[in-house]
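Student: I'd like a close look at a single part of this model. Keep it brisk.

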Amino acid sequence: MSPPARRPAVRLTTAQALMRFLTAQYTERDGVRRRLVAATWGVLGHGNVAGIGQALLETGEQAMPFHQGRNEQAMVHAAVGYARHLNRLSAHAVTTSIGPGATNLVTGAALATVNRLPVLLLPGDRFATRAAEPLLQQLEHPLHADVSVNDTLRPVSRYFDRITRPEALVPSALRAMRVLADPAETGAVTLALPQDVQVEAYDWPGEFFAERIWPVRRPAPDPAELAEAARLVRAARRPLIVAGGGVHHSEAEDALRDLADATGIPVASTQAGKGSLRHDHPADLGGIGHTGTAAADDIARTADLVIAVGTRLTDFTTASGTLFAHPGVRFLGLNTTPSDAHKAAARPLVADARAGLAALAAALAGHRVAPAYEAEYRAGRTRWERVVQAAFRAGDDEVPTQTQLIGALDAVVGDRDVVVNAAGSLPGDLHRLWRARSPRQYHLEYGYSCMGYEIPGALGVQLAAPGTPVWALVGDGTYLMAPTEIVTAVQEGLPVNVVLVQNHGYASIGALSEQVGAERFATAYRFRAADGSFTGAPLPVDLAANAASLGMDVLRPRTVGQVRATLAEARRSPRPTCVYVETAAPGEETPGASAWWDVPVAGAATREPAVRARALYDRRAADARGYP
């Protein structure tokens, strides 16, 4: 039998070849195929306008859609929001100029890699031929002549390469696609592109442009690991499942519900895993950790087996080792990434979350926790629901607190709406109080907790789910970090809703500052007083006017009743809309943390608040467990 005929070579520039290659890459899982890189974000400038910019024009909007960003970091956030909403099965590329355009990618790349979310970064780079040096925006290193500013992306990328010859793109692009599509390895992938190489013409092998399908694996658990996992669960009297973002990425929500229904094991969720069970499921205890519910944290303190599913067990989730206080507590790590499955000295169950949960349910056939344990955690659920109702309760004429604002939004949204947030005091209130109705309704970026993620992340979600109402909940602090993508939303007609909360400062860090004895220093947006402190009048900053100047429709409700009405109006609007709310100070109805977070306190101080804070810290730290 004769071998298949070779495809004829195609003469293209390196940038044109890369764009054509990307249009032919697909993922496939469970028989569903998606474009692996579905669009490109970019700010075009020195280092990519003649290469990638021209290639995008030549490739065409139908084959490779282009989104014009305003800030490089924000473009990565938008790409991450898109990938997360589509369960990592499709991604976006981001292209920048050399120099500051490239280094602005670093924070977004770190966020993507920390959260295990795919994004392809295509920064311009210096001349590979060294024909023009020192180049505009080039970093000259006195010892390492091959270093450019793009090397800052190495530690925050899961794969990095600098393409110094056209032919080097072929193997590197294939490796890049493998990493993007691999659920255990995915994150930011960087192909640094010297500007002279981008525009160099080359005769490319036709096979490079053939359609490729990258299967997204669902690895099944090892039989021995599964048997040990089942033994641990059967032996446990007070097991607890901690559901992380991997449950969503694997689309394992039904498998988790089936396991909970069959065994009665309660489920608490991380920020990334919230919504793994509907809020009204009898086994759902809500969020866990420092920002968790009392219902979840009370059970966690006495759990003798913690089944960590698709979570990295970060310090907020584990409350820095103090929450899981049972003297004989054991851990079972179900994760597709082996390093995560072994955390907390866990017995590993390395597998896809859906495959692993289904196998574990089968291995536990007939097993159920004791009725008294079910009654205990269900009573805790009931008590916590009363706390939520009290936090949301408000008269129509009251100025809303932040929790009452969340309650107003809770009353307006439907099951398909998506709420996006990332940093400040909102994540704590949302994790404790939000009643998630569907798997992807709750979209919190808390792996990196990056201020400025909310608005661009919401754009990414809107692109992934056209027609879905998307809400970016933004505090005044994070709004001032990155409002620029409002212009992109207006330009592209993306009807995101920005709920802009004005509380005149960094509310979350202000509370933490007070807790650690730093007395809220420099956490409020106020004029300096005569003594140099930040205790003067609030700054006369009108963020609503700023949003309007960028092209949004702006609504300014003042009371709880007006907030409900304007949220409903924003939800109906076909245009990007900002609901601007000045909130009242938190009242007694706002629940605080029920678990301790280890934030070190000054070991020597003259001011009494810091001395008291250190004494409390020493008492709490003495209870911490150390994990290998």
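How many bridges join S6 to strand S7, and in which sense do the two strands run?

Tutor: This is a predicted model, where local features need pLDDT of at least 70, side-chain atom pairs count only at pLDDT 80 or more, and totals for chains, interfaces and linings use all residues. Residues are numbered from 1 along each chain as its sequence is written, and side-chain values use heavy atoms, without hydrogens or water.

Start with your strand. S6 and S7 (residues 119-125) run parallel, joined by 4 bridges. Strands here are DSSP runs of E, at least two residues; helices are runs of H or I, at least four; both are numbered from the N terminus. Pairing takes at least two DSSP bridges. Threonine 95 has leucine 122 of S7 as its bridge partner.

S6 has another neighbour. Strand S4 (residues 37-42) pairs with S6 over 5 bridges, in the parallel sense. There, threonine 40 stands opposite alanine 93 of S6.

Now the surroundings. Buried means under 20% relative accessible area, exposed over 50%, partly exposed in between (1.4 Å probe, protein chains only). Look at the two faces. Ala91, Ala93 and Thr95 point one way. His92, Val94 and Thr96 point the other way. Both sets are buried.

Leucine 409 sits in helix H16 (residues 402-412). Its relative accessible area is 3%, so leucine 409 counts as buried. Leucine 480 belongs to helix H19 (residues 476-481). Leucine 480 has a relative accessible area of 46%, which means partly exposed.

Last, some open space. The second largest pocket has 19 lining residues. A pocket is an open set of points on a 1 Å grid over the protein atoms alone, where a 1.4 Å probe fits, with protein on both sides within 12 Å along at least five of seven lines; lining residues have an atom within 4 Å of a point. His279, Asp284, Arg381, Trp384 and Glu385 lie nearest the centre of this pocket. Strand S14 (284-287), helix H15 (371-392) and helix H17 (426-433) each supply at least two lining residues. H15 gives the largest share, 5 residues.
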